[in-house]
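Colleague: Could we go through how the helices and strands of this model are arranged, with the criteria spelled out as we go?

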Amino acid sequence: MLNLNNIFFENSKKTRGASITLLGLSFLGILDALYLAVSHYRGVPVSCEVLTGCSTVLSSEYAVVLGVPLAVLGLVYYLGIFLSTALFLDTKKQMFLAVALVLPFFGLLASAFFITLQVAVIEAICFYCLISATITLLMACVSTYVIITGKKTSI
Amino acid sequence: MNRTAFWAIIGTLLVGGVWAITWMASQSAGEGETVVQEETAQIRESDQVKGSREASLVLVEYSDFQCPACQFYAGWISQLAETYGDDLAFVYRHFPLRSIHAQAEQAAIAAEAAGRQGMFWEYHDVLFQRQKEWAESGSASQLFLSYAQTLGLDVEAFASDMKDSEIQDKVRRDLAEGQVLGVRGTPTFFLQGVRIQNPQTYAELEQHILRELQKN
């Protein structure tokens, strides 16, 4: 079981650095998801200059789950991490840190699933989805680092 | 750093980010109207096409069977297809405005179900001709079946196809793609992948076609 007392109190400097990194990465994620969500609701095509599969992916039946665009779910996910991290930095309440550390692993699973879907089923890659997957991967690395170093200190 | 300054930075980041992204999205909306949208320049296998699939010109319409303006343009399109025959492929894609047209999606599904029996365009014409009747009816689904019967379709197969998820998905896919392409209302036309303003006269519509034919 993750002992947050040890993570925060034994490694306060490292945890603070990691939290600020999470804050920055989740902010980039918010911008990425927000761009896709705004484009979806305004009904405008996304600017897709690096890879050409954006329209194919974003207009596919998989881009909307139960009436909610995936971009909006992504936005909620990144906002969740961003606000939890900000609340942790402000209040030092470990509950917020726990949320911010755990969410990227769910995001990583979702990203792996969606990238596989794009490659194997839709047969097109959306550049903005790749950016999101990269951000989530980096956040999961930061979370893993915090958890591992926290555990080592607690032994 | 005190708490006020910290939350001021967080708030500024979020508000600034929302503003910047909304501005970026509006910039790309402007570009979208002049660039060629490949999705509307090519005919897909699943598309409903009037005219030759090999035609040099492709005119795509995102349309809603319950929309009065689409009904109006259907007459011009029919005339256009007759005049330009093999030079023009007219593609009908679904864009049912579900929030204001309660029966539009079912009508689109019914037309696709008729298409399974090779009668999409006949059913398309009936839907537009009798738009007022089914749009204002409390039992549109019964009317859809009766139109199928009038056209001599296998009504049992038609009713079963209306429940087919493949057909329902096709209609929703057209709608989602239209949204991504910047379609906001119906009808919206793309000629050779470029969005054109809705023509006010038949002559204006024909001018678009003639101009493109000259280029070829």
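Modeller: Angles under 35 degrees count as roughly parallel, those over 145 as roughly antiparallel, 65 to 115 as roughly perpendicular, and the rest as oblique. The model is predicted, so local features need pLDDT of at least 70 and side-chain atom pairs count only at pLDDT 80 or more, while totals for chains, interfaces and linings use all residues. Residues are numbered from 1 along each chain as its sequence is written, and chains are lettered from A, ligands numbered from 1, in the order in which they are written.

Colleague: How are α4(B) and α7(B) oriented to each other?

Modeller: Helices (H or I, at least four residues) and strands (E, at least two) are DSSP runs numbered from the N terminus, and angles run from 0 to 180 degrees between N-to-C directions of axes fitted to C-alpha atoms, for helices over the stretch in contact. The axes of α4 (residues 104-116) and α7 (residues 140-150) of chain B come within 11 Å and cross at roughly 20 degrees. The two helices α4(B) and α7(B) are therefore roughly parallel.

Colleague: Which strands of chain B stand at the edges of the sheet?

Modeller: Two strands pair if DSSP finds at least two bridges between them, and the open sheet of 5 strands in chain B has mixed pairing, in the order β1-β3-β2-β4-β5. Each edge strand has a single partner, so one side of it is left without a neighbour in the sheet; these strands are β1 (48-50) and β5 (194-196) of chain B.
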